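Trainee: I have a structure open and want to learn how to read it. Where do we begin?

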Amino acid sequence: MSKLVVLNLGKGDLHNGFPDVTVQLGLINDPRAMEFRGSLPPAPEISQLYRNWQILYSALYRYYGWWTRLEVENSDITNFSELEFNDLCQQLSSRINIWLNCEQFRKIDQKLRTQLNPDEEICFVIATSDKLLRRLPWHLWNFFEDYPNAEVALSSLEPQRLNKIYTKEKKVKILAIFGNHKGIDISQDKYFLEKLSNQAKINFLIEPQRKELSNELWGKGWNILFFAGHSSSQEKGVLQINQTTTITLDKLKHGLKKAIENGLHLAIFNSCDGLGLAEALEDLHIPQVIVMREPVPDLVAQEFLKHFLGEFSSGESLYSALREARKRLEGIEDEYPCATWLPVICQNPLSAPMIWQSQRKIIATKSVLVILLTSLLVTSLVMGVRYWGYLQTSELQAFDHFMQLRSHLVTEKPDERILIITIDEADIQYQNNKGMQMRWSLSDQALAQLLEKLNKYQPRTIGLDIYRDGIVDPKYPNLATRFQKDNRLFFVCKVATTDDDGDSDGIPPPSKVSRERLSFSDFIADEDDIARRQLLNLTPPPTSLCSTEDAFNLKLALYYLNKEGKTSSVTKSGYLQIGDIVFEQLNEHTSGYQKVDASGYQILLNYRSLDSVEKIAEQVSLRDMLDEKISLETVQSLKDRIVLIGLSAPTNTNDYWKTPFSSNIKPKQKQTPGVFVQAQMLSQILSAVLDRRPLLWWWSGWMEALWIWGWSLVGGITAWYYSKPLHLGLAVVVTLLTVFGLCFGIFTLAGWVPFIPSVLALLATQVMVISWFKRSYLRKRKQLNFNRD
């Protein structure tokens, strides 16, 4: 990547001067490019000095008998000295510097120096259509002494951007043409190219016919066109493609144009007097052409090609490779004076310099490192923020949305093993009308009658989800006996809490009930009052009036499952196991739960996918049970069922809970009676053990970190790969939908994997990668670097 400076000399010449000189720092036609204006005075002496230099330079060939890649015409000069030639070179260099140091141009020079760094690589383009100016050795300007990493290029006055067809090739494709080589040695050129066979696909054309050459140009896309043999500029660029055929490039115009459209980026004419060839290709808007300004001896051409290909193919930029190869010719200037003056690159400023595949690998490696480091940083930050619980609220909301969406797409049946006897406002009024002495919502008389009726239906177990903390009315001795002796009957109490809710010491169980049939009814709700966790076991505080350690739903499930031959045990890891199903315990950091109070034995509650939480099981009202207004089918199905008795009305109770479905129903119905949540918990245990219905599971911390890092990488890769905002926007939408689809798909399989952290990591990495490349781009644009096409 090199900084771009375009010195546009306009339409003047050395005899009349250049009244409108502009210098652009940046891409042409870019409104953000810096532009300086000035002028240059006439300098006809430079024109004469250069013509004299050309004459003496040509005479050197005949004097020393060099093999040259141009058939030089005889000259009238017969006597000259090397001292005279060297003196002429010094005069030309001096006059060029005097001209470029004139007052009209000095301000441009000074502004350039304030904007350029001597250590930077600079592509300095001279834009002119004057043939003599294009031949001048611009590298002799003292400016380039102070900027050793700068290299001169030539350009037309009106370059055009070309829409090229890019093909992804593993190797650079080179079309190497060896034309008429009478009197010269081009075997070394072929040797240097063949050494690249492991890095490039090369097709050699040895003295081809015009048709053969044309067919190759029209064929598959070439990246580099190489020519060695005799050539000259004359009025137009001329090539001797074989010993009998000499053609100008306009005879191959359509084939060359097609080759450029198909990806031809660079043409190298390692032959004499190639500026005319470059001009012909500039009209076709080729990105770069490398030519020799003047006749070139064989050894100079060979040395240049050897060093240039070695540098370019090893990863150096095009300009760096050309600069190094040109400077390496300095070592043979004792034998071949002015060898460093010959190679020059002609550049289309609207196209980026060609990049060899090894350079692409370097760029790709740098991009990969940026993406890797950024994704690791973002993942670490996201995991850190998540660890301290700052994402918990959003992750739990995502959990709720997944639960709601699953209930719409996956429909489960109610649990037929459970029957819920509800007590609502009408049931309370029913008891009052019957003259029953009320104890909150359920009188002893109604409870005694209910248990008697249930007894003949033979349920397997009965769970009373209503506190009975007093002595049974003596009028109903059978009820007291049932409390003491009926092993199927389970009761609840409330464990002491530290909350100031009026029940800080808890609510005691009925008296004279065996401890095996006592359980707590306590739930655990999150900060948003939603019950997503199921508490199976806890250690009550010493002051608690309720000292049982097992949950109501667990007690009922264990009793029921014991009759099915499924017993409970504790694994080596300390987990509860019923049958062969292990109930993995939540800890402080479990998926979306981070820094959460995980005291007791908690598991995730996998609600059954139903239209409503309350449809978990068949329901019968208390009054219908007492009046025996239930269907024969219900009566017959009561045998071996679990019967839950609980409130479905808000009177005299605060046993109402929010669920993950609460935000999806009407405001007045946002809370669910506790008996239905108990039924959900009970059903989860029964279904896991008997039906193999999956419990909610989650990954370990390192697996979640890998998952989040993976999406962070995806975000970085999409940000790097898609440069256009529309394409990037579509890619972002697609990746977000993919994350959502995968996370939800896994959730339907009972897996809770990180969604919010993955999205956050993906987007944050995209923003950081885009910002990094943008800063890099703007820095290079500010420094006037070429960016990628």
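Mentor: We begin with handedness. A crossing is left-handed if the near helix is turned anticlockwise from the far one by less than a right angle, and right-handed if clockwise. Helices here are DSSP runs (H or I, at least four residues), numbered from the N terminus. H21 passes H22 in a right-handed crossing. Keep in mind that this is a predicted model: local features need pLDDT of at least 70, side-chain atom pairs count only at pLDDT 80 or more, and totals for chains, interfaces and linings use all residues. Residues are numbered from 1 along each chain as its sequence is written, and side-chain values use heavy atoms, with hydrogens and water left out.

Trainee: At roughly what angle do the axes of H21 and H22 cross?

Mentor: Axes are lines fitted to C-alpha atoms, for helices over the stretch in contact, and angles run from 0 to 180 degrees between N-to-C directions. The axes of H21 and H22 (residues 725–748) cross at roughly 165 degrees and come within 10 Å. Angles under 35 degrees count as roughly parallel, over 145 as roughly antiparallel, 65 to 115 as roughly perpendicular and the rest as oblique. H21 and H22 are therefore roughly antiparallel.

Trainee: Which residues of H21 and H22 make the contact?

Mentor: Contact means heavy atoms within 4.5 Å. On the H21 side, Trp707, Trp711, Val714, Thr718 and Ala719 take part. The H22 side includes Leu728, Ala731, Leu742 and Ile746.

Trainee: How is a pair of aromatic rings described?

Mentor: By the distance of the centres and the angle of the planes. Rings of Phe, Tyr and Trp (its six-membered ring) pair if their centres lie within 6.5 Å; planes under 30 degrees apart count as stacked, over 60 as edge-to-face and the rest as tilted. The count comes to 40 aromatic pairs by this rule. One of them is Tyr50 with Trp53, which is stacked: 5.3 Å centre to centre, with 25 degrees between the planes.

Trainee: Where do Tyr50 and Trp53 sit in helix H1?

Mentor: They are three residues apart in H1 (residues 44–64), so about one helical turn separates them. Now check burial: buried means under 20% relative accessible area, exposed over 50%, partly exposed in between (1.4 Å probe, protein chains only). Tyr50 is buried at 1%, and Trp53 is buried at 0%. Next, take Trp707 and Trp711: their ring centres are 5.8 Å apart and their planes lie at 75 degrees, so this pair is edge-to-face. Trp707 and Trp711 are four residues apart in H21 (residues 701–721), again about one helical turn. Trp707 is buried at 17%, and Trp711 is buried at 9%.

Trainee: What does Pro754 touch?

Mentor: Leave out residues up to four places away in sequence. Pro754 then touches Arg386, Glu395, Trp699, Glu704, Trp707, Ile708 and Cys743. Pro754 lies in the loop between H22 and helix H23 (756–782), and counts as buried at 0% relative accessibility.

Trainee: Which ring does the charged end of Lys190 sit over?

Mentor: A charge sits over a ring if NZ of Lys or CZ of Arg is within 6 Å of the ring centre and within 35 degrees of the ring normal. Lys190 sits over the ring of Phe204, 4.7 Å from its centre. Arg460 lies over the face of Tyr560, at 4.2 Å from the ring centre.

Conventions:
Helix = DSSP H or I, 4+ residues; strand = E, 2+ residues; numbered from the N terminus.
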